[in-house]
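Me: Hey, could you walk me through a structure I've just opened? I'm new to it.

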Amino acid sequence: GNRAFYGCGKLTSMELSGKGGSAFSGRGYVNVFEFSDKLMEIGDDAFNGLPKILNIVCPASVKKIGARAFKGVWDDAEIKLPEGLESLGADAFADCPSILKVALPVVATPVKSAFSAAYSKIEAVKILGSPEVITKDFCRDVAKLTAIQIPASVTSIESYAFSGLPNLAGIDLPSGLLTIGEYAFNGCSNLRSVTFGTGLDSIPMYAFSDCTELKELILSDNIETIGFHAFYNCQNLETIVFPSSLKTIGTSAFAGSKKLRMVELPENIQEVKRYAFECCDNLVHIVLTGNVPKFTSRCFERNPNLKFFEVLSETPQELDNDIPGCEKLFLVVPNNAVEAYKNAPHWNKFKSIVPTCCLSMDGDNIRFNYEYDNMRFTTEDLKECTVTGSTSDVDYITIPDTICGLPVTRIAASAFKGQY
């Protein structure tokens, strides 16, 4: 019963087969316990208050560990809980600062709650068994956790399950995973790689927001929706590969991706929502590979270096409205389609319409070449143009003030040597 051995300060060894609720709480110095293999439950406060217990192995029969059961007493660096454990009480292992590695099944009680202040020192968590669901908050804020292996059996990861893990470097999502909850990996600021399984059809709001070290994102086939702020503030994101299945990019989904240079929208995209690519400071080039989606106003807001909007279709698609910000952008179209786009409503609102042959990209280097009035022009900084030469013999030339909206500021060395 409760407090059965309370205050037995000289007790050093015991074989236990009962429930054990509060039985040993007090000031004893028990350091070895042998549990019966029929033990089903360790009750609330069972060992709470004992200063040290070594070499505890919970038998596989244990289904429940109560609140504060081992509070302040577990002195080993590693702890392995039974695979069949169904319930783990709040503060069950609170104030056990020696624990660095934990192996446990998925239970409703988050690691942070079960280990209380001690959770901040845990470096490794191993998920036992074949769970289908990773419960809400399961490993949330376990700040020193560097790796986690999600079992192949998992079909659902609930909200905040792995949120706030600043040392987690990579994650492989199982192929059978069907749903990810909101904020599931939010704030994993050192996360550099994510492998997505093919079972997912959506990425929910804030799922990977503030993953500031994520550099490459390859989304798996079957994903149709990227939700509100899903990858918000992924500041070092450089590359995104969208699947052809993608239909919707949500509000602020990629806002704050400051190193993103180019966005290639897939052929079946239907809607790009407000602020989807806001504040992508280095975004220069948007490519539309197929269908023209509904572009909600301000979807490309506050992108100071955005210059090119490229379409691959030779035939202009009918538009109901202007593309947001088109008056500031060069429209790049197939070489033989310039006139068609110049005569098409809404497409003709772009700053200038130029053929694909004018634009070349080599890594981060973008060169824009253009021929006009028997002269060649080039720009590498997209801020000003240089006259590089002539295209044919003429009696005279007039150098314009601007080309495609860029000021002509320089004549290259030997540009017209021997021609006039």
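Me: What pLDDT does the chain average?
Reply: The average is 87, and 88% of the residues score at least 70. pLDDT is the predictor's confidence in each residue, from 0 to 100.

Me: Where is the pLDDT below 50?
Reply: Residues 11-15 are one such stretch, with 15 contacts beyond near neighbours in sequence (contact means heavy atoms within 4.5 Å). Residues 17-21 are also below 50, and that stretch has 16 such contacts in the model. Where pLDDT is low, the predicted coordinates should not be read in detail.

Me: OK, new topic. What's the strand order in the open sheet?
Reply: The order is S3-S4-S6, three strands with parallel pairing. Strands are DSSP runs of E, at least two residues, numbered from the N terminus, and two strands pair if DSSP finds at least two bridges between them.

Me: Which strands stand at the edges?
Reply: S3 (41-42) and S6 (87-88) do; each has a single partner strand, so one side of each is left without a neighbour in the sheet.

Me: And how many bridges join S3 to S4?
Reply: Two, with S4 covering residues 64-65. Ile42 has Ile65 in S4 as its bridge partner.

Me: Switching to rings: how many aromatic pairs are there?
Reply: The count is 20. Rings of Phe, Tyr and Trp (its six-membered ring) pair if their centres lie within 6.5 Å; planes under 30 degrees apart are stacked, over 60 edge-to-face, and the rest tilted. Phe254 and Phe277 are a stacked pair, 5.5 Å centre to centre with 10° between the planes.

Me: Where do those two sit in the chain?
Reply: Phe254 is in the loop between S18 (248-249) and S19 (262-265), while Phe277 is in the loop between S20 (271-272) and S21 (285-288), 23 residues apart.

Me: Is Phe254 buried or exposed?
Reply: Phe254 is buried, at 0% relative accessible area, and Phe277 is buried at 0% too. Buried means under 20% relative accessible area, exposed over 50%, and partly exposed in between (1.4 Å probe, protein chains only).

Me: What about Tyr341 and Trp347?
Reply: They form an edge-to-face pair, 5.2 Å centre to centre with 85° between the planes. Tyr341 is buried at 1%, and Trp347 is buried at 1%.

Terms used
Residues are numbered from 1 along each chain as its sequence is written. This is a predicted model: local features need pLDDT of at least 70, side-chain atom pairs count only at pLDDT 80 or more; totals for chains, interfaces and linings use all residues. Side-chain values use heavy atoms; hydrogens and water are left out. Helices (H or I, at least four residues) and strands (E, at least two) are DSSP runs, numbered from the N terminus.
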